[in-house]
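Open the model in your viewer and keep the selection panel at hand.

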Amino acid sequence: MSTLPSAHPKERRIIFGNVSEPNYAPDLETYLKHGGYNEAKKAFTMKPDEIIAEVKAANLRGRGGAAFPTGVKWGFIRRDDGKPHYLCVNGDESEPGTFKDRIILHQDPHQLLEGIIITCFTLNIHLAYIYIRCEFTHAKAILEKAIEEAKARGFLGKNIFGQGFDLDVYVHEGGGAYICGEETSLLESIEGKRPYPRIKPPYFPAVLGLYMAPTIVNNVETICHVKHILRLGSAEYAKMGTAGDGGTRIMCVSGDVMRPGTYELPVGAVTMGELIFDICGGLKPGRSLKAIIPGGSSSKVLRADEVFKIKKPGPDGAMVEQETKLLDIVLDAASVAAAGSMIGSAAVIVMDDSRNMVWALNNLNQFYAHESCGQCTPCREGVLWMSKISTRMLAGGGHENDPKMLHTVADNIAGRTICAFGEAASWPTQSFTEKFAEEFAAAAGKN
Amino acid sequence: MGLIMTLTPVTQSSQIPPALLEKIEEAITHYPVSKRSAALPLMHLWQNHFGYIDESGIEWIAAKLELQPIAILEIVTFYPWFRQTAPGKTIIRVCRTLSCAMAGSYELHDQLCKATGIDSAAGHDHGLPTSPDGKFSVEFVECLASCGTAPVCMINNDLVEKVTPADITTIVAQHS
Ligand SMILES: Cc1cc2nc3c(=O)[nH]c(=O)nc-3n(C[C@H](O)[C@H](O)[C@H](O)COP(=O)(O)O)c2cc1C
Ligand code: FES
């Protein structure tokens, strides 16, 4: 794995602070030299409700895809309901375009363990699983070594930090299936069952989760942020971000830019244009921008010349609607949502004018066709149809109404499935065919 | 009446070494609430040791976890990572998804298949596409969470980033 280049002046590396240090190693001693476990110790001096209040005030939103407020999610757990509670950390990292959790899991495992300890103490959890995708073949050994080290120090296991609190953490490897990133599929996977997402309601695993007990599922990066909320204090942490979306967010940029990579930026500190041109070095020589997928392959594509109506605070502080160009979109959850897409897992895929949009959509359609778990008929059948249609369009054998047909199939998946994979699979097709209608029309009906 | 000879293949479950058994017992302890949860970990241990999971493996794991064999079979067939037939000695997984495809992963896959003598159009519904000499399996996989260093592939357990045509020659030579 490549080491991170030196930070851009706009970056503020909190989660990636350690791994940016020269010669940083994933062992306990190195972590301790970098302020490791200070906040875990601090947590035991606080009241659990106080910690939840801090996480809420910090405006931390989940970094796994849905940007759900973490403090609110935690608030669903009733600490003293007499039931067992569990934590499942989502390290499945399989949303195309996303490559940040990989770095934490391999290079700074103790930071994650510290976040887990704080979370578990807060929510009265004594058993936690770290779910990682099995393609991270070395991560399991790295995490298990870190767990052993922490146990030997009394930071995990029985009576941790001498506080009379027990906590066991184990690593659970997946089997190469994207669907296991969906939180209820992940739970079924840990239970050893065929990982079909669960029927909702209940909408939150905090009601019925692992082994039908209240469970918190959070992304790896989300859990790491908790340490820094306690370290900086919620006010300071929230201040880095925008209203309702605090802290830093690790942006993963890939595709047609000069310097793809991970960039940890205060939420809302830069616009899309600054990210691509100032931070990522712009496009390849002689190229112009065509499209951007802003939050992982499942988020709706944005077209280079689109103008969005986005509400921003005006001179008197009141929110006014402003016409905003793609490159002027501020990178926070609310602004990207206002542009009709989502910040998702903050995975920005950039496409320049050399790219064929039918080809790009077909690539994604093949992904969803391969990854549908097959539980719901509209999704199981629909994703395959979409993939077949875009494939035949590319091969030049399509029908004139193929773009419309693609859109119709997508419309009949979204909203008709048990889990959000249905939307994830439909949004690319809906947005590509709408926004690049001319290109799809030109590719259709060639026979 | 002629003599009917049946060849009894050596089953995997008749060859479990003590070290593997020890790891299996340890993995089960990670799931104090439900033994069934150890299904995936046991499948990983099994496949890491034997290279794939045969019928005896499915039955053995099921019996170990007090399940019907179908409970294991239905997850062996669900997850792309698991296989029921022997793969090549070196397994190469090429990322197929968008960022890698934009960086040339289809060409990479073609080149790898050509260099190892594998039909690049072969699907993997019936085991991994494997070279006739059994030295290589090459398959397309979905996003490996390393899109910033596309195109990427995995050579057995190791990730290779920013793969170039020259790398392919080296990789194939090294593992031949
Ligand atoms: C199809 C699908 C795939 C998902 N994949 C992931 C993933 O790989 N990693 C992740 O953290 N969340 C993923 N999620 C989101 C999770 O369901 C869940 O919202 C998230 O882990 C909650 O953590 P957070 O609140 O910290 O973001 C996925 C969701 C869906 C619908
Ligand atoms: S697209 Fe290849 S690693 Fe993500």
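A salt bridge here is a side-chain nitrogen of Lys or Arg within 4 Å of a carboxyl oxygen of Asp or Glu. Select the interface of chain B and chain A: by that rule, zero salt bridges cross it.

Some ground rules. This is a predicted model, in which local features need pLDDT of at least 70 and side-chain atom pairs count only at pLDDT 80 or more, while totals for chains, interfaces and linings use all residues. Residues are numbered from 1 along each chain as its sequence is written, chains are lettered from A and ligands numbered from 1 in the order in which they are written, and side-chain values use heavy atoms, leaving out hydrogens and water.

**The interface**

Show contacts (heavy atoms within 4.5 Å). On chain B, 41 residues touch 57 residues of chain A. Together the chains bury about 3,800 Å², 60% of it on carbon and sulfur atoms. Buried area is the accessible area (1.4 Å probe) lost by two parts on being put together, summed over both.

Now pick Phe78(B), Leu98(B) and Met102(B). They supply 18% of the area chain B buries against chain A, more than any other three residues.

Helix H2 (39–50), helix H4 (69–76), helix H5 (98–102) and strand S4 (158–160) of chain B each give two or more residues to the side that touches chain A.

**The sheet of chain B**

Strands pair if DSSP finds at least two bridges between them. Chain B has an open, mixed sheet of four strands, ordered S2-S1-S3-S4. Its edges are S2 (136–141) and S4 of chain B, each pairing on one side only. Select S1(B), residues 90–95: six bridges join it to S2(B), in parallel. Zoom in on Ile91(B), which stands opposite Ser137(B).

Move to chain A. Five strands form an open, mixed sheet in the order S3-S4-S2-S1-S5. S3 (157–160) and S5 (215–219) of chain A each have a single partner strand, so one side of each lacks a neighbour in the sheet. Select S3(A) and S4(A), residues 165–173: they are antiparallel, over two bridges. Ile160(A) has Phe165(A) as its bridge partner.
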